[in-house]
Amino acid sequence: MSAVLERAGLAVEGQAPTGSEHPGSRQTRARYVTLALIPALGLVMIIGLLTGAVATSPRDLLVLLPGAGGDEWTRYVLLEVRLPRVVLGALVGAALGASGAALQGLFRNPLADPGLIGVAAGAAFAAVAVIVLGGTVLAPLVGWLGMAALPVAAFLGGLVTTLLVYRLASHQGQTAVATLLLAGIAINAIAGAGTGLLVYMADDQQLRTLTFWNMGSLAQAEWASLAVGAGLIALAFLVLPLAARGLNGMMLGENVARHLGFSVHRLKLLVIVMAALAVGSAVALSGIIGFVGLVVPHILRMAIGPDHRYLLPASALGGALLLVMADAFARVVVAPAELPIGLLTALVGGPFFLWLLLRMRGRLG
Amino acid sequence: MSALTQAIDPPGDSVLEVSGVSVRGQRGWRLQEASLSVMPGEIHAVMGPNGAGKSTLLSVLSGTLEPDAGEILFDGHPLPAWCPGMLARRRGILPQETTVSFPLTAWEVAALGRLPHATPLEDPEIVRRAMHRMDVLHLAPQRYSDLSGGERQRVQMARVLAQVARPAPDPAAPVLRLDEPSSALDLRHQFELFERMRDEARAGSAILVILHDLNLAGRYADRLTLLHDGRVAAQGRPRDILDATILERVWGVRARVTPGAAGAPLQIHLLGPAHEPVRVG
Amino acid sequence: MSRREILRSLLALLALPATGATAGPPDQRLVSIGGGVTETIFALGEGGRLVGVDTTSTYPETARALPTVGYQHTLPLEGIAALRPSALLHDGSAGPERTLRRLERMGIDEIVLPGEPGFEGFRARTLSLGDLFGRRDEAQKIIDSVATELEAVRRKTPSEAPRAVFLMSHGEGATVAAGRATKADALLQLAGGRNVFSEFEGYRPVSVEALMQKHPDAVLTTGAAATDAALRGVPTLQGDTLFWLGFGPRLGQAVSEVATFLQRAVAHDTGHRSPIA
C-alpha cells in the first residue's frame with residue numbers, strides 16, 4: 001500500500017505533477033533547443049544549396065521538386081554537385097558531433113574529441129592503407145567489399161584506436177585528462193607515421209588521391225559513394241541513442257552507473273563500436289575534419305546541460321549545422337578555388353581547444 | 001564472549017540477508033563465515049578496523065565479487081538472480097564520494113536517481129520530495145561542483161532516495177546502503193546526515209551503513225556488526241556489544257564506554273592505543 | 001603519361017577540326033591547368049580565351065589576373081563549373097580524376113595535351129596547342145626559337161657531363177630528389193648535365209649520405225628544399241620550379257640558365273670530388 005511511500009515521505013499524495021519545471025532542471029530548454037536545431041539545420045542546408053561559385057537564386061530550388069523542368073545546367077549544379085555535398089556535410093558533421101558527445105560521456109571527459117584522441121587518425125590510416133595497398137596486399141579485401149572497403153577499413157581502424165586509447169587512458173573507470181591527451185598524441189603519432197609510410201610507398205596517382213585525407217574535404221561528394229557511408233552512419237545514429245541513459249548514469253561514475261542498473265561493460269562496447277563506426281565512415285567520406293566533435297558538444301552542453309537524451313541528437317544536429325555552414329563558407333571565400341574544410345575547422349577549433357584547456361588547467365592536476 | 005558473537009536474528013522479515021559468506025584471498029581468508037541481516041526500519045552499521053573485511057563485504061554486496069561460500073539474499077532471492085534494473089529500483093547506494101564528470105546542477109544530480117524508472121511524469125515531484133527531505137531543495141539550481149562537501153553528500157543522498165522511491169503504492173521496503181558516508185563531512189554535517197538517515201529508517205527503509213566513527217555508531221545504529229580479521233567479532237545492539245574489552249580486542253585501543261541513561265546515547269571516550277593487547281576469549 | 005591519356009589527347013585533336021572552325025570558335029572559354037600550358041597559350045596570342053588558371057600558372061603577368069581554381073591535383077568541381085568554360089586544358093597533371101569525369105558530364109570537355117618530359121614533349125604539346133587554335137605557324141615559331149637556344153647551349157657544353165642533382169621540397173619539409181622520367185631529369189640533360197639519381201623513377205626522398213655518396217658537382221634546388229650542410233662545398237643554384245619545369249616557351253632560357261650554372265660549377269670544382277667541405 002501507499003503506506004510505505006508515505007513512510008518514505010515520497011508519496012505523490014495524488015497531486016498531479018506541476019507543469020512548470022523546477023529551477024535547476026534544464027529539460028524543457030534542452031527539448032526546445034534540440035527541436036529548434038531541426039529547422040535551423042534545414043535553413044542552413046538551403047543556404048548551403050544556394051551558396052557556391054555558380055550563381056543561383058532561391059527560385060532555382062524549384063528544380064528539386066520532382067517533375068519540375070528548368071535549366072539542365074542549374075539542375076545538375078544543384079542536384080549533382082551541391083546537394084550531395086550539403087548532404088555529405090550534414091552527415092559527416094552529425095557523425096562527428098554525436099560521436100564526440102558519446103565519447104566524452106563515456107570517457108567522462110569533455111576533451112575526448114575523435115580527432116584529438118586519435119580515432120580519426122586510426123581510421124585515416126586504415127583508409128589510406130586500402131588506397132595504397134588495395135591493388136596488392138589488400139586486394140582480396142577490396143575485391144570482396146568493393147565500394148564498402150574504404151568505410152569498413154576506416155571503421156576497423158577507428159575501432160582499434162578507440163579501444164587502445166580507452167585501455168591506455170582509463171584506470172578504474174576514470175580517465176585523467178592528461179593521460180587521455182597523451183595517449184591521443186601517441187596514437188596520432190603512430191597512426192600518422194603509419195600513414196606517412198604508406199604515402200612513401202604510394203605512386204603518383206595514389207598520392208594525389210591521398211592529398212585530401214590530410215586536410216579533410218567534402219569535395220568528393222557523389223551520390224554513389226555517399227550511399228554506402230550514409231548507411232553506416234545512419235546505423236550509428238539509430239543505435240547510439242540506446243546509450244543515452246547509460247551515459248547519463250556514467251556521469252556519476254562507473255560504480256554508480258552499475259548501481260543504477262546499467263551494464264557498464266555493454267555500454268562501453270556499444271558506444272565505442274558506434275562511435276568508431278560513425279567516425280570511420282565520416283573519415284572514409286571526407287578525410288580528417290577535426291574539432292567538430294569537440295566544439296559542438298561542448299557549446300551544447302553549456303546551453304542545454306549534459307543530459308545525453310538531448311545532447312546526442314542535439315550534437316548531431318549542431319555538428320551537421322556547423323559543417324554545412326563552414327563548407328558553404330569554404331566554397332565561396334576564395335572562389336572559384338576552395339579552402340580545405342579541415343583547415344577551416346582547425347582554425348576555429350584550435351583556439352577553442354586552447355581556451356578549454358586553459359579553463360580546465362586548474363583541474364588537470 | 002560467546003554470547004556477543006551469537007547471531008541475533010530478526011524475526012524473519014529481513015530484506016537483506018548475508019549468510020555464511022566467505023571470500024578467499026591470496027593470504028588466507030578475507031572474509032570467513034560472515035552473516036548479518038538488515039530489516040526494514042533499522043540502521044545496521046558494519047564496523048571494523050582497516051583490513052577487517054569491510055571492503056570485501058562491500059564488493060560481495062555490490063555483486064562485483066563472487067563469494068567462495070555462502071550467499072546473499074535480497075528480499076528472499078539470491079542477489080545474482082536479480083535483474084539489475086529491478087535491483088536498482090529497490091536498492092540505493094551512497095558511495096563514500098561521487099565525482100560528477102560534467103557541470104550538472106544539484107537538481108540534475110538528484111534527478112539521475114530516476115534513471116532506473118520509466119515514470120517521467122512523476123519524476124519531478126519525486127525528485128523534489130527527495131531533495132526536500134535531504135534539505136537541499138534550495139540548492140537545486142546551483143552547480144554541483146560549487147557545493148560544499150556536506151551539501152554534495154546530501155544531494156547524493158537525495159539522488160539515492162529518489163532512486164528507490166516509487167510513485168505507485170508498493171509494500172517493498174527500499175534498501176539503502178551507505179559506504180562510509182561521513183568520512184568527507186565535518187562534524188555538524190555528519191550528525192545531520194545521520195539524523196536524516198534515522199528518519200528514513202523510521203519511515204520504513206532498511207539501511208546498511210559502513211562506518212568508522214564509534215560515537216556515530218553508538219548514537220544512530222540500531223544494530224551493529226563488528227568485523228575483525230575477516231570474521232564477525234560481535235553483533236547486536238551497540239549498548240550490548242560496545243565495551244572497553246571489545247574495543248581493545250578489535251581495534252587495539254583503550255576506551256571508556258559510558259552507557260547513557262534511558263534512551264541517551266552511548267558515550268565512547270578513546271584514551272589511546274592499547275600497549276599490551278589483552279587476549280580475550 | 002598513360003596510354004589512355006595519349007589516346008584521349010589524340011581524340012581531342014581529331015575531334016576539334018571536326019567541330020568546325022580552324023581557329024577555335026570565338027566563344028571558346030578555356031581553363032588552363034599547368035604553368036607551361038598557360039604560358040604557351042599566351043605566347044600563341046590566345047590568352048584572351050582563358051577564363052581560369054591553376055596556381056602554377058603565374059607567367060606572364062596577365063595570367064595572374066585570371067581567376068585561379070586552386071591546386072592542380074585538387075580542382076574544385078563547382079569552382080570550375082562556375083567559370084562556364086567549354087573545355088579544361090592540361091597535360092595530364094589535373095585531378096582528382098572523379099572531378100574531371102563529372103566536369104565532362106556537365107559538358108565541359110577535357111583536353112589532355114601530350115605531357116612527356118623533355119624537348120619532344122614540349123614540341124608535341126606546343127604543336128597540339130597550335131593545332132587547337134589554328135595557329136600552327138606561331139607554334140612552330142615558338143618551337144624553332146627554343147630549339148635555337150637549346151642548340152646554342154649544346155655547343156657550349158663540356159665533353160664530360162657535370163654530375164648534378166635536382167632537389168625539391170615535397171610537402172612538409174621533406175626534400176625529394178628527381179629521378180628518371182621527370183621534367184627535372186629532362187632539364188638537367190638538356191643543360192648538358194647528368195642526373196646522379198638515374199636508378200629510380202619519379203621523385204623520391206633521399207638521405208644526406210646517399211647524396212654525398214653520389215658526389216654531385218652541382219645542386220639545383222627549388223623553393224624551400226634545403227641542401228644539407230654536408231653539401232656546403234658543392235655549388236648550389238636555387239631557382240623557381242615553375243620557370244625551370246614549365247617546359248613552355250621559356251624552356252630555352254631555363255636550360256640556358258641551368259647550363260651556365262653547371263659549367264661554372266665544374267670549372268670551380270678543381271678536380272677533387274668530395275662534397276665534404
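The crossing of helices α4(A) and α6(A) is right-handed. This description, like those that follow, refers to a predicted model. In chain A, α4 covers residues 119–133 and α6 covers residues 149–169; their axes come within 7 Å and cross at roughly 140°. Sorted by class, the contact of α4(A) with α6(A) has 14 nonpolar and five polar residues, and no charged residues.

The crossing of α3(A) with α13(A) is right-handed. On the side of α3(A), the contact involves G93(A), L96(A), G97(A), S99(A), G100(A), A101(A) and Q104(A), which meet V292(A), G293(A), L294(A), V296(A) and P297(A) of α13(A). Six nonpolar and six polar residues make up the contact of α3(A) with α13(A), with no charged residues.

In chain B, six strands form an open sheet with mixed pairing, in the order β6-β7-β8-β3-β9-β10. Strands β6 (91–94) and β10 (231–236) of chain B stand at the edges; each has a single partner strand, so one side of each is left without a neighbour in the sheet. From one strand to the next, the twist averages 15°. Within this sheet, β3 (residues 43–47) and β8 (residues 206–210) of chain B pair in the parallel sense over four bridges. V46(B) has I210(B) as its bridge partner in β8(B). Helix α6 (residues 149–164) of chain B lies across β6 and β7 (175–179) of chain B and runs at about 170° to β6(B).

Chain C has eleven helices and ten strands. Of its 277 residues, 47% count as buried. Among contacts in chain C with a separation of 6 or more, 58% are accounted for by residues 24 or more positions apart. Chain C also touches chain A, in a contact that takes 20 residues from chain C and 20 residues from chain A. Helix α4 (residues 77–82) of chain C supplies six residues, the largest share of the side of chain C that touches chain A. By class, this side of chain C has ten nonpolar, eight polar and two charged residues.

Several local backbone features lie in loops. A cis peptide bond with omega of about 5° joins A335(A) and P336(A); P336(A) is in the loop between α14 (308–332) and α15 (341–364) of chain A. In chain C, a cis peptide bond with omega of about -5° joins Y59(C) and P60(C), and P60(C) is found in the loop between β2 (50–53) and α3 (61–64) of chain C. D75(B) is not a glycine, yet has a positive phi of about 55°. The loop between β4 (69–74) and β5 (77–78) of chain B holds D75(B), which is partly exposed, with 18 other C-beta atoms within 10 Å. H215(C), although not a glycine, has a positive phi of about 45°. H215(C) lies in the loop between α9 (208–213) and β9 (218–222) of chain C and is partly exposed, with 14 other C-beta atoms within 10 Å.

Note on methods. Residues are numbered from 1 along each chain as its sequence is written. Chains are lettered from A and ligands numbered from 1 in the order in which they are written. This is a predicted model: local features need pLDDT of at least 70, side-chain atom pairs count only at pLDDT 80 or more; totals for chains, interfaces and linings use all residues. Helices (H or I, at least four residues) and strands (E, at least two) are DSSP runs, numbered from the N terminus. A residue is buried if 20 or more other C-beta atoms lie within 10 Å of its own, exposed if 12 or fewer, and partly exposed in between; C-beta atoms are placed from the backbone. Two residues are in contact if their C-beta atoms, placed from the backbone, lie within 7 Å. Two strands pair if DSSP finds at least two bridges between them. Axes are lines fitted to C-alpha atoms, for helices over the stretch in contact, and angles run from 0 to 180 degrees between N-to-C directions. A crossing is left-handed if the near helix is turned anticlockwise from the far one by less than a right angle, and right-handed if clockwise. Ala, Val, Leu, Ile, Met, Phe, Trp, Tyr, Cys and Pro count as nonpolar, Asp, Glu, Lys and Arg as charged, and the others, Gly among them, as polar.
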